[in-house]
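Take a look at the model below. The walk-through starts with a single side-chain pair, then turns to helix packing and to the interface.

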Amino acid sequence: MPFRDRLLATIRAARPVLEEPEVLVVGSEVPNLLQPEAASTLVVSQDLDIGVPVNRHASVKGRLAEMMPSLTPSPEEPSVWTPRSPDLLEVNFVGIDRSRDPTDAYVLEDDQLPLLVFGALSLVAAGAEIELAGTRVRLPRPAGLLLEKLVTDRAGGKGDRDLLVALGLLMTAGAADLDELDTLYGTLRSELRHVVRSNLAVLSLLEPTSGMPDPRPQRATVASLLRRLEQVEEGTR
Amino acid sequence: MTRALNQRVSEFRARVLVRSWEYRQRHHARGVWFRLRRVLAEASAAFVVSAEDAAALAAEGYRLEPVGQALEPQKWILFVPAERVARMASARPIPVRLSRELLEAQHLVLTPFDA
């Protein structure tokens, strides 16, 4: 089954939750969904990350049972819902708490739906709503998610993949998104701005990874963004 | 049930601590890796060249990147236009990444992206 079909089928299966107010798709599927007609050719990932604002936790929990025909919570890790069919992707719930510092993380304890809450997701704001597979899908504004990807601590191969997701977002970003990125970047404290630039420098030297955007043809774009953010540092932009 | 999530939080917090420690060293020796990656990020291509060719480039006024002098052994790193590199017999292309080849090179010429 083509990857895009699996992604759309998963969105359909997760519809009860995705249509809850303020719930967002975050993570590696966003570049795919930002492509024209959600072409889904940028990133091959085996899960759909759903961002749940902590103030919406109770209402999302109330809709979980409606996903049961297609997905089931992992016994070891109930924030992950595994597909009952190979034609679907995993669904991974993560928490969003706008009151938290971007370097913070905590566990929202819950028997049914515990959430790992990443402070960096506080940088993500709701953006466009698109209609896909009969489901209203709320996407994040690209600038905030791009910054989240660049500011979050990365480790090993997972870290490389996350940086390549940032690359996918950069490849779909428009001029207004980059202007917004400048503004958001300027609100970060010095250490986090350094992390962003450091991760961009790492991204510029990454080797290709199967199923991910090839960073090599995009190196000039990454270098241009680095220079742009340095201008923000110097106050010349 | 949330033991795995709590374990991930602990690991995450440990990495954030290390990252802060690295940030505080950004102007010291450990910061050289960011500065080297930052220089390489501006390179569309990289070449290993002979000491003689590197000296000729320096004599022509091409600037040595300071980060090369912060490495041990020191490394000559120069940005040079692609058309000038094309005239250098010793120039051997290598991938632009932190590879053994690049780190072993004593004289490294980088070409900038087109403006």
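In chain A, the side chains of Arg56(A) and Glu22(A) form a salt bridge, with N to O at 3.1 Å. Here a salt bridge is a side-chain nitrogen of Lys or Arg within 4 Å of a carboxyl oxygen of Asp or Glu. Arg56(A) sits in the loop between strand E2 (47–53) and helix H4 (57–61), and Glu22(A) in the loop between helix H2 (15–18) and strand E1 (24–26), so the pair ties together parts 34 residues apart in sequence. Over all chains, the count comes to 28 salt bridges.

This is a predicted model: local features need pLDDT of at least 70, side-chain atom pairs count only at pLDDT 80 or more, and totals for chains, interfaces and linings use all residues. Residues are numbered from 1 along each chain as its sequence is written, chains are lettered from A and ligands numbered from 1 in the order in which they are written, and side-chain values use heavy atoms, with hydrogens and water left out. Helices (H or I, at least four residues) and strands (E, at least two) are DSSP runs, numbered from the N terminus.

Now the helices. Two packed helices are described by the angle between their axes and the distance between the axes. Helix H5 (residues 142–151) of chain A packs against H8(A) at about 85°, with the axes 8 Å apart. Axes are lines fitted to C-alpha atoms, for helices over the stretch in contact, and angles run from 0 to 180 degrees between N-to-C directions. H5(A) and H8(A) are therefore roughly perpendicular (65 to 115 degrees). H5(A) contributes Leu147(A), Leu150(A) and Val151(A) to the contact, and H8(A) contributes Leu192(A), Val195(A), Val196(A), Asn199(A) and Leu200(A). Contact means heavy atoms within 4.5 Å.

Next, chain B. In this interface, 37 residues of chain A are in contact with 27 residues of chain B. The area buried between the chains (accessible area, 1.4 Å probe, lost on being put together, summed over both) is about 2,900 Å², and carbon and sulfur atoms give 60% of that. Asp153(A), Leu205(A) and Arg219(A) supply 21% of the area that chain A buries against chain B, more than any other three residues.

Which charged side chains meet across the interface? Arg97(B) and Glu207(A) meet in a salt bridge at 3.2 Å, N to O. The count between chain A and chain B is four salt bridges. Strand E6 (105–108), strand E7 (115–118), helix H8 (190–204) and helix H9 (219–234) of chain A each supply at least two residues of the side that touches chain B. H8(A) gives the most, with ten residues.

Terms used: Buried area is the accessible area (1.4 Å probe) that two parts lose on being put together, summed over both. Angles under 35 degrees count as roughly parallel, over 145 as roughly antiparallel, 65 to 115 as roughly perpendicular and the rest as oblique.
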